[in-house]
Amino acid sequence: MNFLAHIYLSGNNEYIKIGNFMADGIRGKQFEKYPEAIQKGILLHRAIDTFTDEHPLFRQSTKRLHERYHHYAGVIVDIYYDHFLAKNWEKYSEENLEDFVSEFYQSLHQNHAVLSEKTKNILPYMEKQNWLSSYQTIEGIHQILTQMDRRTQNNSNMRFASEELLAFYDEFENEFTLFFEDIRNYCSQKLNEF
């Protein structure tokens with residue numbers, strides 16, 4: 001799961017959302033220096049990643065990409081799945097996607113002091129290019145994948161991965177839909193445990 005799904009799966013607590021969003025840059029026990037609700041978000045993020053990587057439907061999606069993209073296949077499917085979440089947003093939320101995204105950016109600004117340095121550094125780019133809303137379109141996905149490919153000095157070939165998205169669009173969407181029900185239930189249970 002990528003940024004949009006991680007934020008969505010965090011429920012309504014803005015600090016859990018923030019922790020979940022910035023968790024990738026926080027290693028080991030570094031999370032313990034953050035306020036409790038942010039810690040919960042970081043731990044939820046890690047649980048989501050483990051659940052996702054082990055799920056048979058996610059693995060089925062990545063299998064289609066392994067030959068061309070190798071260990072980047074999972075990263076690409078994370079982006080695809082955020083596309084399907086954004087595209088079908090009204091199925092999963094009564095709140096408009098643009099409003100959801102705008103409120104999240106506002107929350108990041110209001111809580112700037114607790115953000116990790118990595119999060120503070122990417123926020124201006126993320127907001128200017130509106131990453132979270134851009135997931136709705138194939139063009140937006142292509143741009144995100146191209147930016148990610150640049151970060152690997154174009155070694156990942158992710159800039160081409162919208163080709164497979166288009167070629168196997170229905171298969172990826174069906175896998176996402178089934179998978180997302182499972183992960184929503186899992187996260188609801190995890191949030192209750194917190």
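What do the side chains of Lys40 and Glu36 meet in? They meet in a salt bridge, at 3.6 Å from N to O. Please keep in mind that this is a predicted model.

**Salt bridges**

Side chains of opposite charge can pair when their charged atoms come close. The structure holds nine salt bridges, and the table shows three of them.

| Pair | N to O distance | 
|---|---|
| Lys40 and Glu36 | 3.6 Å |
| Glu164 and Arg68 | 2.8 Å |
| Arg184 and Glu181 | 3.2 Å |

Start with Lys40 and Glu36: both sit in helix α3, four residues apart, which is about one turn of the helix. Lys40 counts as partly exposed because its relative accessibility is 22%, whereas Glu36, at 56%, counts as exposed.

The bridge between Glu164 and Arg68 links distant parts of the chain, with Glu164 in helix α12 (residues 162-167) and Arg68 in helix α5 (residues 66-69), 96 residues apart. Glu164 is buried, with a relative accessible area of 11%, while Arg68 is partly exposed at 34%. Arg68 and Glu164 also belong to a network of salt bridges that includes Glu163.

Arg184 and Glu181 both lie in helix α13, three residues apart, again about one turn of the helix. Arg184 is partly exposed, with a relative accessible area of 27%, and Glu181 is partly exposed at 35%.

**Where α3 meets α13**

The helices α3 (residues 36-54) and α13 (residues 169-193) also meet each other: their axes come within 11 Å and cross at roughly 145°. The crossing of α3 past α13 is right-handed. On the α3 side, the contact is made by Leu44, Ala47, Ile48, Phe51 and Thr52. From α13 come Phe179, Asp182, Ile183, Tyr186, Cys187, Lys190 and Leu191.

Which residues of helix α9 are buried? In this helix, residues 117-128, they are Thr119, Leu123 and Met126. These residues lie on the same side of α9 because they cover an arc of only 85° around the axis. Their cover includes α1 (3-8), α2 (14-22), α8 (97-110) and α10 (131-134). On the face turned away from the buried side you will find the exposed residues Glu117, Asn121, Tyr125 and Lys128. After α9 comes Asn130, with a positive phi near 45°.

How values were computed
Residues are numbered from 1 along each chain as its sequence is written. This is a predicted model: local features need pLDDT of at least 70, side-chain atom pairs count only at pLDDT 80 or more; totals for chains, interfaces and linings use all residues. Side-chain values use heavy atoms; hydrogens and water are left out. Axes are lines fitted to C-alpha atoms, for helices over the stretch in contact, and angles run from 0 to 180 degrees between N-to-C directions. Helices (H or I, at least four residues) and strands (E, at least two) are DSSP runs, numbered from the N terminus. A crossing is left-handed if the near helix is turned anticlockwise from the far one by less than a right angle, and right-handed if clockwise. Contact means heavy atoms within 4.5 Å. Buried means under 20% relative accessible area, exposed over 50%, partly exposed in between (1.4 Å probe, protein chains only). The arc is that of the directions from the helix axis to the C-beta atoms. A salt bridge is a side-chain nitrogen of Lys or Arg within 4 Å of a carboxyl oxygen of Asp or Glu.
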